[in-house]
Amino acid sequence: MRHFLLVFAILCAAAFAADVVTITTADETGQIKWFNQILDHFNYEDTRMFQARYVVYDQYWDRNPKSPLLFYTGNEGDVTMFAGNTGFMFTVAKKLNALVIFAEHRYYGESMPFGQQSFDLDKVGFLSVEQALADYANL
C-alpha cells in the first residue's frame, strides 16, 4: 500500500508540473481494441469467453520497455466516455512518456458478456468486484 501511495504522489506532482492535455474522444486519439475475456475466473470448468473492450493511447509513449504503463480501471459506464474526460491520465502520460490503457468494466459500455441478456437474473452473477479485478489482471 505504501508503494501505491508513493507512486500516486509522484504522479500527482508530475501532473501539476505539466501542461494540461485536452482529449476530446477516445475515437480521435486512442485505439479501441477488443480481446477474449474469461467469463468466470474462478470456475476452471467454465471455458466461456466474451469480448471485452479497452482503449490504448500511445502518443506520449516513447516505446522504451522501462517507461511506465498507466492503467485506468473501468468505471460503471462506457470506457470511451471516461477516456475522453480524464485529462489527468494524459497529463501524467506526457510527463512520464507513458503508455495509457483504459479498460472497460464488464457489464458496462459494449463489454456485455451476454449482450442484451447480460442483466437477466441467471447471468448477472458474473458481475462482481472479484471478476472485474481478475479481468484487469488478465488484460
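A residue is classed as buried when its relative accessible area is under 20%, as exposed when over 50%, and as partly exposed in between, with a 1.4 Å probe and protein chains only. By this criterion Tyr107 is buried, at 1% relative accessibility. The model is a predicted one, in which local features need pLDDT of at least 70 and side-chain atom pairs count only at pLDDT 80 or more, while totals for chains, interfaces and linings use all residues. Residues are numbered from 1 along each chain as its sequence is written, and side-chain values use heavy atoms, with hydrogens and water left out.

Helices (H or I, at least four residues) and strands (E, at least two) are DSSP runs numbered from the N terminus. Tyr107 is located in the loop between β4 (99-103) and α5, and its phi is positive, about 75°, although the residue is not a glycine. Arg63, likewise not a glycine, has a positive phi of about 65°; this residue belongs to the loop between β2 (49-57) and β3 (69-72). A positive phi, near 55°, is also found at Asn97, which follows α4. Within helix α4 (residues 87-96), the buried residues include Met89, Phe90, Thr91, Val92 and Ala93.

Helix α5 (residues 129-138) contains Gln131, a buried residue with a relative accessible area of 6%. Contact denotes heavy atoms within 4.5 Å. Apart from neighbours within four places in sequence, Gln131 has contacts with Leu39, Asp40, His41, Phe42, Arg106 and Phe126.

Salt bridges were assigned where a side-chain nitrogen of Lys or Arg lies within 4 Å of a carboxyl oxygen of Asp or Glu. The structure contains seven such pairs. Arg106 is bridged to Asp135, with the closest N and O atoms 2.6 Å apart. Because Arg106 is in the loop between β4 and α5 whereas Asp135 is in helix α5, this pair ties together parts 29 residues apart in sequence. Both partners are buried, Arg106 at 1% relative accessibility and Asp135 with a relative accessible area of 5%. Salt bridges with shared partners also join Arg53, Asp78, Glu104 and Glu110 into one network.

Arg53 is buried, with a relative accessible area of 4%, whereas Glu110 is partly exposed at 46%. A further salt bridge joins the side chains of Arg48 and Asp46 (2.7 Å, N to O); Arg48 is partly exposed at 39% relative accessibility, and Asp46 is buried at 13%.

Grid points are joined across faces, edges and corners, and the volume is the space filled by probe spheres set on the points. The search of the whole structure gave one cavity of 30 Å³ or more, and the largest cavity holds about 40 Å³ of space. Its lining includes Arg53, Glu104, Arg106 and Asp135. At least two lining residues come from each of β1 (31-38), β2 and α5, with β2 providing the largest share, three residues. Counting Ala, Val, Leu, Ile, Met, Phe, Trp, Tyr, Cys and Pro as nonpolar, Asp, Glu, Lys and Arg as charged, and the others, Gly among them, as polar, the lining comprises six nonpolar, one polar and four charged residues.

Definitions and conventions
1 Å grid on protein atoms, 1.4 Å probe; cavity = no way out; pocket = protein on both sides within 12 Å on 5 of 7 lines; lining within 4 Å.
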